[in-house]
Amino acid sequence: MANPPRNLALRVAESDEDLEAWRRVRAEVIPNERVATIEWMRASMTPERVYLIAELDGEVVGSGLGGRSDFGHAGLHPRVVPSARRRGVGSAILRELADRAWRLGFTEAGTQVDDEGSLAFAQRYGYREVDRQIELVRTIGDETWPEVPVGLEIVTVADRPDLWRFAYEPLGIQAFEDMAHATPVRASLEQWERDWLGSPEATFVALADGQVVGVAVLQLDADEPERAENAITAVLRGWRGRGIGSVLKRTTLAWAAEHGIHELSSWAAQRNGAIRRLNERLGYVDRGVSIAVRRALPFEA
């Protein structure tokens with residue numbers, strides 16, 4: 001494994017300036033994806049979650065994110081800008097994150113890789129592939145608002161903030177169980193309210209006689225306001241097969257068109273055929289693949 005260069009410095013990102021530098025690295029390495037805002041990053045900080053920045057001769061060239069993943073293991077995510085790769089920076093970030101995770105009691109680490117070079121890097125450190133997600137994208141045109149079936153009401157969380165908490169159980173829990181990942185998603189009510197709520201004005205809830213039977217979430221992009229992400233679309237099991245998911249999804253398309261968004265992206269587990277078929281019927285097309293890899297902790301000395 002590559003030795004870290006002597007002029008490399010790793011430190012925890014704490015100031016707004018540090019966090020903005022972290023965001024710039026993330027945006028350069030993964031330009032197609034939304035980057036969390038500084039406000040969200042601060043709100044998400046826990047004793048288990050750390051943001052690192054890596055500097056070569058005082059210039060920020062890498063970032064790291066470590067914390068508990070939605071699957072329960074330690075999520076370790078090193079990123080290095082292309083101009084500074086193959087110099088030991090990524091290895092140094094990964095080892096620092098892995099050491100921190102081991103000290104916190106984690107026994108397994110995972111991450112996502114999006115290209116062959118990143119996959120090869122992960123495999124050198126003993127990671128193995130466990131799952132894949134497909135990125136789908138939809139160009140927004142002149143979209144029409146869907147007709148809402150009789151007996152169903154679609155409201156936003158901006159209008160009814162209380163509904164997101166009520167959506168967690170049983171709908172949110174069922175949605176996590178049915179995402180068809182290799183390992184079930186584990187998210188508490190606190191995480192549901194903090195991590196899974198999108199922009200309230202673009203988070204839609206389907207109600208039937210006052211009961212939450214479906215949700216569709218858009219995550220807006222503060223840096224690229226012409227694009228957004230479909231974070232989650234879910235329907236209560238007993239209400240599936242009635243077109244509610246399609247109505248919710250088409251509601252997000254119409255809202256996006258009305259608010260100047262030109263592109264929506266969405267991620268789905270490769271084995272989740274139902275949501276992929278719904279996306280394809282609505283005009284989404286495949287753009288990329290993200291590979292989930294795992295390995296045991298600790299790393300070898």
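Let's start with helix H1, residues 16-29, which in this predicted model lies across four strands: E1, E2 (50-56), E3 (59-68) and E4 (74-80). Against E3, helix H1 runs at about 90 degrees.

So what do those strands belong to? They are part of an open sheet of 12 strands with mixed pairing. If you want to trace the sheet on the screen, follow the order E1-E2-E3-E4-E5-E12-E6-E11-E10-E9-E8-E7. And which strands sit at the edges? Those are E1 (8-12) and E7 (153-156), each pairing on one side only. As you step from one strand to the next, the twist averages 25 degrees.

A quick reminder for everyone: strands of a sheet pair through backbone hydrogen bonds, either parallel or antiparallel. For E7, the pairing with E8 (residues 203-208) is antiparallel and spans four bridges. To find one of them, look for Thr-156, whose bridge partner in E8 is Phe-204.

Now over to a pair of helices, H5 (residues 163-177) and H6 (residues 189-196). How do H5 and H6 pack? Their axes are 10 Å apart and meet at an angle of about 100 degrees. That falls between 65 and 115 degrees, so H5 and H6 count as roughly perpendicular to each other.

Who makes the contact? On the H5 side you'll see Trp-164, Arg-165, Ala-167, Tyr-168, Gly-172 and Phe-176. From H6 come Leu-189, Trp-192, Glu-193 and Trp-196. Sorted by type, the residues of this contact between H5 and H6 are seven nonpolar, one polar and two charged.

Conventions:
Residues are numbered from 1 along each chain as its sequence is written. This is a predicted model: local features need pLDDT of at least 70, side-chain atom pairs count only at pLDDT 80 or more; totals for chains, interfaces and linings use all residues. Side-chain values use heavy atoms; hydrogens and water are left out. Two strands pair if DSSP finds at least two bridges between them. Helices (H or I, at least four residues) and strands (E, at least two) are DSSP runs, numbered from the N terminus. Axes are lines fitted to C-alpha atoms, for helices over the stretch in contact, and angles run from 0 to 180 degrees between N-to-C directions. Contact means heavy atoms within 4.5 Å. Angles under 35 degrees count as roughly parallel, over 145 as roughly antiparallel, 65 to 115 as roughly perpendicular and the rest as oblique. Ala, Val, Leu, Ile, Met, Phe, Trp, Tyr, Cys and Pro count as nonpolar, Asp, Glu, Lys and Arg as charged, and the others, Gly among them, as polar.
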